[in-house]
Structures are given as C-alpha cells and as structure tokens.
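Me: I have a structure here that I have never looked at before. Could you walk me through it while I ask things as they come up?

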Amino acid sequence: MDKGSIVGCVAVTSLPRKNWMVIRYLAAKRALSRVYAVEKLLSRALQYVETKKPEFLRATTPSIQPYVDVYKSFAFKPIRRDFKITWDLTGTLESPNSQIEVREVTEKTAPEIAEVYVESIRPYWDWRTEEQGGEEAVASNFRDGLAFDGVQRRGERWLSGHVGKELVGFTGLIPDYYKVGDARFRGAFVLPEYRGKGFGRILMSEVSSWAKRQGQHKMTVYTFSYLDSLAPGALLYLKSGGKIESEYLQMQRA
C-alpha cells in the first residue's frame, strides 16, 4: 500500500506435493521506479514462507526487470525458462496423414493411457512429476482432467497416436478454455522409443486440425525450456507455427 492505494501484489501457493511451495505473481505499478515496493512484497512473502517451513521453494516471474534482479538479490537463481506459445489456427491447412492412426481417449481407454502418458513425459518433465507428487499422482491427475459424456471435470480432451498396434504418443487440448474459440493446448508427447521419427510433427498437425473442427481459432500452451537452449517440446511447437508471446523464469533459492 502507498497512501492507501494498492501498488503491488505477490502470492504464495502450494504445489501438489505436500509441503512444496511456489511464489508467483510478484508485480508492482511502475515497478522500475518502485523497486523498494517489489523488494518489500517479496520480503513479506518470504516471511510467510518461513512460517510454513517448506521442504522446497521456487518462484516463477516474468523475465523482465526489476523482478529478476530483485529475486536474485534474495538469493534466487534461474533454473528454467517458461514460454507462453500461441497458434493462430485461422490459417491452418488440413494435411492428410496416413502414418499415424489417431484416436480420442475414452473413458474405457483412459486408465491404460494414463499409465503410458507418464512414460511419454520422461525425462524432460521429471522435475514437474516430482512437484506433482510422483508418477502415480501424474497418472491420476491425467485421468481426473478428462471429460466424458458431458462431465467436464477440467474439460481436457486427448488424442492418442498409433502405428499399427503400437502407441507412439499423445496430444490434447481444452476447447474454449480462455474464451469461446480460444483453447488451452495441453502439449504433444512422444514415447521415448519413437522420438526422432517425425511423430511429434504429425501429432501437432493432427491436434491443430482437430482444434479447428472443434471451432477453435487459437490455442495457447505454457511450456518450459532450458536456460541455454530450447527443450524438445518448445522447439517442436515453434517449428509447427507457434509464436512466443511471453517468457518467464523459474527460480530457486540457492
């Protein structure tokens, strides 16, 4: 507060894993001229965190000043980058594909698919699996997010890709997530033994076409990358026509 007016905010939230926490949404009006306010907000957040005695703490912040420098001044170090990537689907062309048979995940196939989904995110997303509470929790979260028979839960719809009898990967989205016609893309994941064969590119083409058939004109994903290079997922998304809208840093206290 400054003379009774709100000038900034910060939040401390729990990660799915017990006693793991993350600091988010650190922001202040005219932050460059009010660095003291940013510092005070983060200091208060850390005071609160200390009362909870978490086993693990990280932060997420826009990759802009002064936020990054303020976090660094409190002994946080960057560990990963996050990107917000969007696709304009209005110009997406349908491209026939005969290499992969694509099926929508159903209530009957969901339990088996959930277990294999865990394999498809290794090893790149191991850090997030740890934050979620382990592989069993990730599989359960996948099942809980699916929509069946009009029961939305989180409204997620997933496609599985098959070559013959072999399952090679997954892709999914939540239609109308941000607003009508604006979908949340849930990512494209290829099982380790099938990577490097072009299946990720085919899955991206399939999900873009599928999204258009669902009346979506835009889709958005938040995905991570390394500090010094692009992770395979981010690289695939950019090659498939996605555009980076914003960049964030994940930071961890040294």
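Predicted model: local features only at pLDDT ≥ 70, side-chain atom pairs only at ≥ 80, totals over all residues.

Me: OK, and which residues have the most contacts inside the largest nonpolar core?

Reply: Y117, F142, W158, F170 and F199 do, in a core of 28 residues. A nonpolar core here is a set of buried Ala, Val, Leu, Ile, Met, Phe, Trp, Tyr and Cys residues joined through side-chain atoms within 4.5 Å, and buried means under 20% relative accessible area, with exposed over 50% and partly exposed in between (1.4 Å probe, protein chains only).

Me: Which elements give two or more residues to that core?

Reply: They are helix 3 (110-120), helix 5 (135-145), strand 7 (166-179), strand 8 (182-190) and helix 6 (199-213), and helix 3 gives the most, with 6 residues. Helices (H or I, at least four residues) and strands (E, at least two) are DSSP runs, numbered from the N terminus. There is also a second, separate core of 19 residues, which includes L42, A45, F76 and L249.

Me: Back to helix 3, which of its residues are buried, and what covers them?

Reply: The buried ones in helix 3 are A110, I113, A114, V116, Y117, V118 and S120, and their cover includes helix 5, strand 6, strand 7 and strand 8.

Me: And which residues are buried in helix 5?

Reply: In helix 5 the buried residues are V138, A139, F142 and G145. They lie on the same side of helix 5 because they cover an arc of only 130° around the axis, the arc being that of the directions from the helix axis to the C-beta atoms. Helix 3, helix 4 and strand 6 (157-163) are among what covers them.

Me: Changing topic, how much space lies in the largest pocket, and which residues are closest to its centre?

Reply: About 1200 Å³ of space lies in the largest pocket, and of its 42 lining residues, R24, W125, R128, R184 and Y222 are the closest to the centre. On a 1 Å grid over the protein atoms alone, a pocket is an open set of points where a 1.4 Å probe fits, with protein on both sides within 12 Å along at least five of seven lines, and lining residues have an atom within 4 Å of a point. Grid points are joined across faces, edges and corners, and a volume is the space filled by probe spheres set on the points.

Me: How does its lining divide into nonpolar, polar and charged?

Reply: The lining of the largest pocket has 24 nonpolar, 9 polar and 9 charged residues. Ala, Val, Leu, Ile, Met, Phe, Trp, Tyr, Cys and Pro count as nonpolar, Asp, Glu, Lys and Arg as charged, and the others, Gly among them, as polar.

Me: What about the second largest pocket, which residues lie nearest its centre?

Reply: Those are V190, R195, P232, G233 and L236, out of 22 lining residues, and the space in this pocket is about 390 Å³. Strand 8, helix 6, strand 9 and helix 7 (232-239) each give two or more residues to its lining, with helix 7 supplying the largest share, 4 residues.

Conventions
Residues numbered from 1 in each chain as written. Heavy atoms only, no water. Contact = heavy atoms within 4.5 Å.
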